[in-house]
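Biologist: I am new to this structure. Please show me how to read its features one by one.

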Amino acid sequence: MLEMEQTLNGFINKELRTGEIIDETDGMYPTKLLGYEGDGEFIGGSDTSTIYGYVIDGEVQLCNNESHWTVTEGYYFSTVGELKIQGTGKVALIERYGYRGMFQIGGPVEHRGRLAYIDGCSDSLLIHPARKGDPCLNLLVFPPNIRQTMHIHPSIRMGIVASGKGRCITPQGEKPLVPGTVFCLQEMAQHCFYTDESGMKIVAYHPDSDSGPSDEDHPMFNRTLTNR
């Protein structure tokens, strides 16, 4: 009953666990949120999907196309093709179907975002859209004692609480957000985030974007000057 109420409110909030956690493959941007909790081996991914990941705790080994990388708490990545994960860490994974992204590893996440966001919060683009319209992965930083304005997004949002704690407020009530919590906001769902003395960091997946490079607008093209 709890999960049904959360879904009706447009907000699904769950604890990280191994395997599939939230399935949004029937939507406009088919996506699944999965988890790995350091028990055995995760095998997933395909040549027609992109996996975005964030290491919540510990250390894991990523294997992709016969290459291996070790990543630790606070690191993020995106991969295409089959992905294997082993190790003792905890990882949140978001798989976007029907989109072929780029391989990237970065981290650890910073203490403050590089860009301003609403109501005194900040944001960093961790994994940029390769082209305008493509998915992206963001770091949202909420200082202590934030009371966000109620707002909506035109597409789903999936998130991972990286550190701190807070609350997601909807017109129907509120749900706690603590490290290891993963969530999904349905498109057009009214919500806002509150924090108390601890502040909070969230790694957020957006399935689409309305900014980013295009054939007519990107740094290489814009800074290429000809006599014509």
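Modeller: Four bridges join β15, residues 157-164, to β18, residues 181-185, and the two run antiparallel. I160 stands opposite V182 in β18. This is a predicted model, where local features need pLDDT of at least 70, side-chain atom pairs count only at pLDDT 80 or more, and totals for chains, interfaces and linings use all residues. Residues are numbered from 1 along each chain as its sequence is written, and side-chain values use heavy atoms, leaving out hydrogens and water.

Biologist: What counts as a strand, and what counts as a pair?

Modeller: Helices (H or I, at least four residues) and strands (E, at least two) are DSSP runs, numbered from the N terminus. Two strands pair if DSSP finds at least two bridges between them. The chain here has two helices and 20 strands.

Biologist: Which order do the strands of the open sheet take?

Modeller: The order is β1-β18-β15-β20-β14-β13-β12, seven strands with antiparallel pairing. At the edges are β1 (11-15) and β12 (115-116), and each pairs on one side only.

Biologist: Is β13 mostly covered or open?

Modeller: Buried means under 20% relative accessible area, exposed over 50%, and partly exposed in between (1.4 Å probe, protein chains only). β13 is mostly covered, with five of its six residues buried. Over the chain, buried residues make up 47% of the 228 residues.

Biologist: Where do the nonpolar side chains go?

Modeller: In soluble globular proteins, they tend to be buried together. A nonpolar core is a set of buried Ala, Val, Leu, Ile, Met, Phe, Trp, Tyr and Cys residues joined through side-chain atoms within 4.5 Å. The largest one here has 26 residues, and Y54, M158, I160 and V203 have the most contacts inside it. Elements that give two or more residues to this core include β5 (49-57), β15 and β20 (200-206). A second, separate core of 14 residues includes L140, V161, F193 and I202.

Biologist: What does V203 touch?

Modeller: Contact means heavy atoms within 4.5 Å. Leaving out residues up to four places away in sequence, V203 touches residues including Y54, L126, L137, M158 and I160. For the chain, residues 24 or more positions apart account for 69% of the contacts with a separation of 6 or more.

Biologist: How many disulfides does the structure hold?

Modeller: A disulfide is a pair of cysteine sulfur atoms within 2.5 Å. The structure holds zero. The sulfur of C136 is 15 Å from the closest cysteine sulfur, in C184, too far for a bond. C136 is buried, at 5% relative accessible area. C168 is in no disulfide either, as the nearest cysteine sulfur, that of C192, is 7.2 Å away. C168 is buried too, at 0%.
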